[in-house]
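Welcome! Here is a short tour for anyone meeting this structure for the first time. Take a look at the sequence and the model, and then read on.

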Amino acid sequence: MSDKKNQHYIPQFCLREFASDSNKIINLYNLDSKKFIKNASIKHQACKNYFYGKDIAIENALAYFENGVSKIFNQMIQENKLPQKKSEEYLMLLFFISIQYNRTKFAHDDMMGIHSQMTSILGKDFSLLSTLSDDNWIYKRMLIAVQCTSYLKDLKMKLILNKTTDEFIYSDNPIVFYNQFLEMKGRPEIGCNSVGIEILLPISPFLYLILYDAQIYHIGKSQSDTIETYDNDDIDNLNRLQILSANSNIYFSKDSTQQYIEKIAENESNYRRKNMSTVTEYHSVTNKYKSLIGIQAIPIACKLKLSFMKLTKKAKRYDYDSNKVIHYRLKK
């Protein structure tokens, strides 16, 4: 079992695309200590001993799955081309996105934080009934991932080609759920089935993956899988998302990127989330013995702007209701 002790929550094949000099080392910036580490070992990044528990069934399953997904990523990077819609590779990519979002240290801490807040509200009875632990949290999070994947199938997917000299950076919590549309309305929602949802992920220093609600946003030519950007502001804004989403570390390849990251990190450090979710108890106004408990995802809010992204006519006609708790995606 010892060879499975060091368990990664970011696949090493993802980190290698941002490697420095070889596929074994990488540069990193720790946002908490504000320290740069040059040529750190990829083997020892974004991992923890028995992170998924000492039962290595999940670790083995993820390793097998990553082997197949890594080939899809390699092909996207080499050809700047997405898998064919509805193909096995395309569905695997969607599943990977959902799994990756739910398997990081940030996701683990979020799960434990929700449990702690629920215990604080409901008391010891909840704690006694709950079966959540460090040994089984990943199973519960994977169930969420499976459910989330079904809501991603109707989203449009494209590759953003970075044509500038600045590079994309990568974090230890790289999948970002965002919602420019509802952010403009004053209350962003980042649920998998929310209207206006966007899901963003850097793939390499010059390639970025985006999934988005095509009923709300228009990006480039409808028949093209790619969009090129020559705008440095686009790169800055996408990199800000990685810093705001990060648990603690930012990864990058070139030494020259150090000053660039430090500048962005300094500007954005006050806006980083401490948690992914929050638990709120809503008390009944008619019965003091009744209340409703809500769990809400905490969105990143940075007023994201991308030069190549425009609102559709349907978005401009959207009848926004501020009284709705959830704004579900428009049906085609």
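At what angle do helix α4 and helix α6 pack, and how far apart are their axes? In this predicted model, the angle between α4 (residues 105–122) and α6 (residues 137–150) is about 100°, and their axes lie 11 Å apart.

- Angles of 65 to 115 degrees count as roughly perpendicular, so α4 and α6 are roughly perpendicular to each other.
- On the α4 side the contact is made by Ala 107, His 108, Asp 110, Met 111 and Met 112, and on the α6 side by Trp 137, Lys 140 and Arg 141.
- Another packed pair is helix α8 (residues 232–245) with helix α9 (residues 257–268), at an angle of about 65° and with axes 10 Å apart.
- The crossing of α8 and α9 is right-handed.
- From α8, the residues Ile 235, Asp 236, Asn 239, Arg 240, Ile 243 and Leu 244 meet Tyr 260, Ile 261, Ile 264, Ala 265 and Glu 268 of α9.
- The contact of α8 with α9 divides into 7 nonpolar, 1 polar and 3 charged residues.

**Aromatic rings**

- A pair of aromatic rings is described by two things, the distance of the centres and the angle of the planes.
- The count for this model comes to 14 aromatic pairs.
- One of them joins Phe 13 and Phe 96, whose ring centres are 6.2 Å apart with planes at 45°, so the pair is tilted.
- This pair links distant parts of the chain, since Phe 13 sits in helix α1 (residues 12–16) and Phe 96 in helix α3 (residues 88–102), 83 residues apart.
- Phe 13 is buried, because its relative accessible area of 13% is under the 20% cut-off.
- Phe 96 also counts as buried, at 2% relative accessibility.
- Tyr 101 and Phe 177 form a tilted pair too, with 4.2 Å from centre to centre and 35° between the planes.
- Here again distant parts of the chain are linked: Tyr 101 belongs to helix α3 and Phe 177 to strand β7 (residues 176–178), 76 residues apart.
- Both Tyr 101 and Phe 177 are buried.
- Ring pairs also link Tyr 9, Phe 51, Tyr 52 and Trp 137 into a cluster, and Trp 137 is among the α6 residues that touch α4.

**Loop residues with a positive phi**

- Most residues other than glycine have a negative phi.
- Asp 21 is not a glycine, yet has a positive phi of about 70°.
- Asp 21 is found in the loop between α1 and β2 (25–30), and counts as exposed at 77% relative accessibility.
- Asn 80, also not a glycine, has a positive phi of about 50°.
- The loop between α2 (57–79) and α3 holds Asn 80, which counts as partly exposed at 34% relative accessibility.

**A buried glycine in a loop**

- Gly 53 lies in the loop between β4 (47–49) and α2, and counts as buried at 2% relative accessibility.
- Which residues does Gly 53 contact, leaving aside its neighbours within four places in sequence? They are Gln 7, Asp 134 and Asp 135.
- Gly 53 and Gln 7 are 46 residues apart in sequence, with 9.2 Å in space from C-alpha to C-alpha.

Terms used
Residues numbered from 1 in each chain as written. Predicted model: local features only at pLDDT ≥ 70, side-chain atom pairs only at ≥ 80, totals over all residues. Heavy atoms only, no water. Axes fitted to C-alpha atoms, helices over the stretch in contact; angles between N-to-C directions. Helix = DSSP H or I, 4+ residues; strand = E, 2+ residues; numbered from the N terminus. Parallel < 35°, antiparallel > 145°, perpendicular 65-115°, else oblique. Contact = heavy atoms within 4.5 Å. Left-handed = near helix turned anticlockwise from the far one by under 90°. Nonpolar A, V, L, I, M, F, W, Y, C, P; charged D, E, K, R; others polar. Phe/Tyr/Trp six-rings, centres within 6.5 Å; stacked < 30°, edge-to-face > 60°. Buried < 20%, exposed > 50% of the residue type's maximum accessible area, 1.4 Å probe, protein only.
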